[in-house]
Amino acid sequence: MKKSEIQIFLAHASEDKPAVLALYNRLKQAGYKPWLDKKDLIPGQIWRDEIPKAIKASQIFLACLSGKSANKQGYIQRELRIALDTLGEMLPGTIFFIPMRLEECEIPDLRLAEVGLNLRDIHRLDYWEEDGFEQLERAITHQFNPEPEEPKQLLSVFNFQIVGVNAKGEQIKKESKQSQYFSEDLGNGITLEMLAIPGGPFLMGSPQDEKDSFGDERPQHEVNVPPFFIGKYPITQEQWRAIASRTDLKVDPSAPLRVNLDLNPAYFKDRPDSDRRPVEQVNWYDAIEFCARLSKLTGREYRLPSEAEWEYACRAGTTTPFYFGETITGELANYRASETYAGEAKGEYREETTPVGQFPPNAFGLYDMHGNVWEWCADTWHDNYDGAPTDGSAWIKNGDDNRSPLRGGSWYYFPNKCRSAYRFNYYRRGIGNNNGFRVVCGAGRTL
């Protein structure tokens, strides 16, 4: 079943209408089919007739609860009373019932006599927590395993060449490739190219014998990644400004992390080619806000990649330390090339970022996955891969939520830190030094 086929009925009290309306919009942006009386009832319709029909047509029933409504005298009335009566008439398993708290509150001691079920018997979802929406998607995925939907636009094709090197940095391969992509219009002639990444299994992490590898890159484990779309380049300064300047796209202006975005979070912003250089002073929260605004603008759900998606996209089918091969050179990427990794000659240390796309891409057609800027991932930090998910999802449970992994290295860092498997955790989420990101849309869940 595709996301757009999963109808989600939002049962609620009138006091919670603003919060539920925001949830409705977010579900719609994520590709689902939410049903809300304010949005879906047509003037003149008899709501007592239409609400039961909507429930019966839904796959998920969300009972939205809050302190204002859960303990109110006569809370189960009108819409929710009809909803529960209708639910009791349906066969078990016909609809997935989820009690969801919009804020910390007591779950009502409500028994559905028709089905012998108490509301308190069902494991609740706390939407008010930081990962509330991710937990909702996890529940939906558990029940329905929705298939990813490709963007409605026809995909375009571009051709490129990849290169491979040996441990001395000598070119041993040159090959023509082709990838598909679509472009988002960000306004004023600025576009965002999103490449189609085919799903598949890969071995995540580094082996014990990989030069300069670290324990947090292990144990190596197989991950099966669903298809998704990812930015061809890290977000550039002109792309950032196009979204950051759109204060009308703020998803939740009152939330503490939804601050005004710096219109040019880059140290290297006064160069003639700055528009094409990546932003590199972006903290994790800024990146999350950018994704939220981009989602609101486009109607598609944009987010940061999971670590598994990022590494899968970076490797593009390779198992070597770099997608170029056994080593990296200053001709292949922007990093501290005055230092060497294997047997290659020393190269130029440029001491600043470079415009995206000027170095050879990997086999998926992605540029700048090694060097230029660190790239934020969605996961919380874990010290190793013990217990890591194997389905490509972001790993957020039981981690350090003050930190998230950064990947890919940067113009400032040494070659061993640009490896496909390297994980950087020195910066807290609120630090933006040398940090950029690229965005993802398509399949994806969190655990």
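Student: Where do arginine 315 and glutamate 311 lie?
Tutor: Both are in helix H9, residues 307–315. They sit 4 residues apart, about one turn of the helix. Helices (H or I, at least four residues) and strands (E, at least two) are DSSP runs, numbered from the N terminus.

Student: What does arginine 315 form with glutamate 311?
Tutor: A salt bridge, with the closest N and O atoms 2.9 Å apart. That term means a side-chain nitrogen of Lys or Arg within 4 Å of a carboxyl oxygen of Asp or Glu. This is a predicted model: local features need pLDDT of at least 70, side-chain atom pairs count only at pLDDT 80 or more, and totals for chains, interfaces and linings use all residues. Residues are numbered from 1 along each chain as its sequence is written, and side-chain values use heavy atoms, leaving out hydrogens and water.

Student: Is arginine 315 buried or exposed?
Tutor: Buried, at 4% relative accessibility. Glutamate 311 is buried too, at 0%. Buried is under 20% relative accessible area, exposed over 50%, partly exposed in between (1.4 Å probe, protein chains only).

Student: Which residues are linked in a network with Arg315?
Tutor: Glu307, Glu311, Arg407 and Arg423, through salt bridges.

Student: New topic. How many salt bridges does the structure hold?
Tutor: It holds 26. One of them pairs glutamate 184 with arginine 300, at 2.7 Å between the closest N and O atoms. Glutamate 184 is in strand E9 and arginine 300 in the loop between helix H8 and strand E14, so the pair ties together parts 116 residues apart in sequence. Both residues are buried.

Student: And what does glutamate 193 meet in a salt bridge?
Tutor: Lysine 232, at 3.7 Å, N to O. Glutamate 193 lies in strand E10, and lysine 232 in the loop between strand E13 and helix H7, so this pair ties together parts 39 residues apart in sequence. Lysine 232 is buried, at 7% relative accessibility.
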